[in-house]
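Have a look at the structure below before you read my notes.

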Amino acid sequence: MDVRSQIAMVFHLDKCIGCHTCSIACKNIWTDRKGAEYMWWNNVETKPGTGYPTKWEDQDIYKGGWKKNGKEKISLRGSGKYKGLLNIFHNPHLPVLDDYYEPWTYKYLDLIESPAGDDQPTARPVSLVTGKPLDIKSGPNWDDDLSGTPEYARRDPNLENLSKAEQEAMFQLEKMAMFYLPRICNHCLNPACVASCPSGAIYKRGEDGVVLINQKVCRAWRMCVTACPYKKSYYNWNTGKSEKCILCYPRLEAGHAPACMHSCVGRIRYLGVLLYDADKIEEAASVSDEELIDSQLDLILDPFDEEVIRNAKENGVADSTIKAAQTSPVYKFVKEWGLALPLHAEYRTLPMLFYVPPMLPVMASLSTTDDSGQAVKLDPIAKFWDKNHRYDTTSKTIMQTVEQARFPVKYMANLFGTGNEEKLIEVLKKQLAVRVHRRHVTVGDVDAGLTNDTLNEVKLTAEIADDIYRLTSLAKFDDRFNIPPAHREQAIEMLENAGDTKGSTGFGFKETPQRGL
Amino acid sequence: MTPFNVIFFIALPYAALLMFFVGTIYRYKATKFKFSSLSSQFLETRKLYWGSVPFHWGILFLFFGHLIAFLFPSSILAWNQQPVRLIILEVSAFVGGVVTLLGLINLFYRRLTDARLRKVTSLIDILLEALLITEIFLGLWVAFGYRWGSSWFATVLSPYLKSIFTFSPNIDAVVMLPFIIQLHIILAFVIFLIIPFTRLVHVLVYPLSYLWRPYQKVIWNWDRKQIRSTQTKWTIHKPRNN
């Protein structure tokens with residue numbers, strides 16, 4: 001058992017309001033530079049939708065992630081030792097600038113400094129690449145909130161296994177639903193970017209599992225951009241180096257939450273330590289599609305287990321890190337409660353960012369009823385429901401509504417369950433049970449018997465349901481972010497004799513990140 | 001031994017060698033961030049295919065052809081003893097040269113005409129591409145006009161280059177060559193000379209080691225098994241850290 005620690009994250013999608021504050025926080029700190037303008041290390045997508053870069057989930061186009069060949073082995077889909085080196089002169093699967101968008105700004109000064117004339121001056125958009133005026137054809141959130149036309153949403157690769165009728169049902173105006181999917185680098189356990197880098201510039205930090213690109217070793221072979229199935233490795237066209245989310249490691253080391261998480265308005269994000277068994281990574285990534293999620297979750301070890309703790313200590317995992325793993329909100333969501341699932345586990349990178357799938361739209365069902373009094377209350381616009389139906393949140397059939405949800409479970413399963421609907425239904429039912437329980441406690445219109453049945457069906461107790469409720473709805477900053485001390489002071493002592501460098505201006509030297517010749 | 005010959009066939013190759021080694025090592029050590037192939041595929045991919053692929057495979061073929069002729073001249077001579085084999089070698093080398101030249105012209109055209117690419121094009125890029133085009137064009141001229149190059153290279157140029165590397169320069173043969181061939185040689189030295197100042201440095205870091213390294217790479221800042229062990233003695237030396 002090779003116990004290592006990993007800083008992992010949970011995004012609670014029901015709480016995401018799609019405000020993009022996380023993206024802006026990240027952009028302002030990290031990617032507001034020439035060559036990086038188009039990069040959104042953190043971005044928020046509307047689902048269903050094509051995302052950023054356009055159709056990133058379609059691995060027939062981008063060839064990202066790992067694929068399983070035959071019985072045992074997995075290999076990189078579009079790169080790897082032989083394919084990568086053969087395609088080094090021209091990478092046929094590389095997303096190009098137009099697959100993201102051409103970044104632009106406006107000539108604001110024209111508004112002020114234009115000479116007097118008959119027309120109102122306008123601020124024309126100009127490309128941040130060429131500096132020339134451009135017609136804006138797309139942007140980083142072009143299909144935000146299903147905007148413009150359903151054509152974007154219809155091209156969502158996750159609709160693939162849905163029947164025509166199911167797809168049509170999603171896009172009827174009365175039934176239209178959407179949710180937001182915030183995405184950052186998943187800091188995977190089996191990262192395809194690391195495996196694809198010919199230079200060996202990308203590595204995973206042993207202490208906390210953050211995946212980083214060594215800017216001094218990157219030689220612009222561009223394979224990581226192809227290999228990352230989440231398209232979270234970006235090529236800086238100006239410096240000729242690839243860049244990616246660094247999980248704000250300078251902030252983490254100082255005990256702060258990453259900027260995207262810290263700024264999250266909906267408080268959807270949780271960050272904490274997981275202990276995992278590195279010996280089993282390859283094995284876990286090589287199982288069949290249906291078993292992938294379970295095998296990934298099996299990698300995560302119980303931080304209270306004596307043997308795990310002993311092995312962790314032998315491996316140099318700090319006591320403080322073990323302690324953080326025991327109190328990690330991520331461990332609770334992912335392992336204890338089984339509420340969070342990885343995004344597209346079928347890419348086999350073992351992502352360490354988990355999502356609590358949304359209960360969209362607000363769980364309710366339409367039940368047949370003779371209660372014509374209720375029908376009168378319906379908004380006249382919502383004429384889809386005939387008078388014999390009721391917008392029902394408390395009926396006895398409440399648990400079936402998960403399968404009957406307006407948003408097809410099959411679609412969600414394509415995102416979070418490797419196509420396995422059972423998995424999704426289980427998670428959604430748990431969430432629903434918590435809601436039923438809390439409704440019973442706070443409103444009181446659900447009777448105790450139904451509440452107990454609901455909780456029992458998903459093997460929850462009232463206490464656990466309350467815990468889930470508390471961490472979901474009431475959690476304070478320190479409950480959501482459980483960051484272990486990084487112990488960098490020890491690292492520095494081991495790298496340099498602190499006495500020798502006393503009075504000097506830091507360690508090593510710094511090189512300005514300028515484009516080479 | 002005219003000054004022209006001394007400058008271009010003795011001084012220039014040594015200047016080129018010195019600059020190549022000192023320049024690239026210095027650049028690798030001091031400005032590692034700038035060591036990159038500076039790929040422009042992200043800004044333009046279609047035209048790149050028709051330029052980069054033929055150029056790179058072609059130039060590799062030509063480079064190793066020259067290298068083999070330099071290192072093992074007798075093997076080339078032995079191969080060329082039969083006229084059919086000589087013609088196969090010469091024709092394939094010539095085709096290789098044409099492919100490389102066409103690829104390079106495509107690249108040059110692409111770089112000059114694309115608005116996005118102009119933003120990532122420096123003067124040295126243009127100079128380098130112009131130099132390479134001239135050099136390959138001259139090479140084709142030599143191959144076509146002064147047959148059969150593969151044979152006389154082995155007997156005339158290999159000894160000359162060897163004399164350079166053994167620090168006993170002997171330019172008796174090379175000064176007798178026609179001017180076009182001399183120009184081809186001189187330009188080759190010039191290209192070597194400017195390698196440290198161009199993106200050509202990416203050739204030197206071609207990631208062959210990728211073939212034998214494990215796919216995953218994990219780095220610890222310290223020896224993770226030792227760091228918290230009470231048995232570990234404190235030393236003044238830096239411990240190995242990956």
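1. **Ground rules.** This is a predicted model, so local features need pLDDT of at least 70 and side-chain atom pairs count only at pLDDT 80 or more, while totals for chains, interfaces and linings use all residues. Residues are numbered from 1 along each chain as its sequence is written, chains are lettered from A and ligands numbered from 1 in the order in which they are written, and side-chain values use heavy atoms, with hydrogens and water left out.

2. **Confidence.** pLDDT is the predictor's own confidence in each residue, on a scale from 0 to 100. Chain A has a mean of 87, and 86% of its residues reach 70 or more. Watch residues 382-386 of chain A, though: pLDDT stays under 50 there, and the model has six contacts for them beyond four places in sequence. A contact here means heavy atoms within 4.5 Å.

3. **The five-stranded sheet.** Helices (H or I, at least four residues) and strands (E, at least two) are DSSP runs, numbered from the N terminus, and two strands pair if DSSP finds at least two bridges between them. In chain A, five strands make an open sheet in the order β13-β12-β1-β15-β14, with mixed pairing. β13 (300-301) and β14 (341-342) of chain A sit at the edges with a single partner strand each, so one side of each has no neighbour in the sheet.

4. β12 of chain A (residues 269-277) pairs with β13(A) in the antiparallel sense, over two bridges. Which residue is the bridge partner of Tyr276(A) in β13(A)? That would be Ile300(A). Helix α16 of chain A (residues 329-336) lies across β1 (3-12), β12, β13 and β15 (353-356) of chain A, running at about 70° to β12(A). For that angle, axes are lines fitted to C-alpha atoms (for helices over the stretch in contact), and angles run from 0 to 180 degrees between N-to-C directions.

5. **Backbone spots to check.** Two cis peptide bonds deserve a click. One joins Lys47(A) and Pro48(A), with omega about 0°; the other runs from Tyr52(A) to Pro53(A), with omega near -5°. Pro48(A) is in the loop between β2 (43-47) and α2 (59-62) of chain A, and Pro53(A) is in the loop between β2 and α2 of chain A too. Also look at His20(A), a residue other than glycine with a positive phi, near 65°; His20(A) is in the loop between β1 and α1 (21-31) of chain A.

6. **Where the chains meet.** On the chain A side 73 residues are in contact with 59 residues of chain B. Together the two chains bury about 6400 Å², 58% of it on carbon and sulfur atoms; buried area is the accessible area (1.4 Å probe) that two parts lose on being put together, summed over both. The rule finds two salt bridges across this interface, a salt bridge being a side-chain nitrogen of Lys or Arg within 4 Å of a carboxyl oxygen of Asp or Glu. One of them links the side chains of Arg116(B) and Glu102(A), at 2.6 Å from N to O. α23(A) gives the most to the side of chain A that touches chain B, with five residues.

7. In β1(B), Val218(B) is the bridge partner of Lys204(A).
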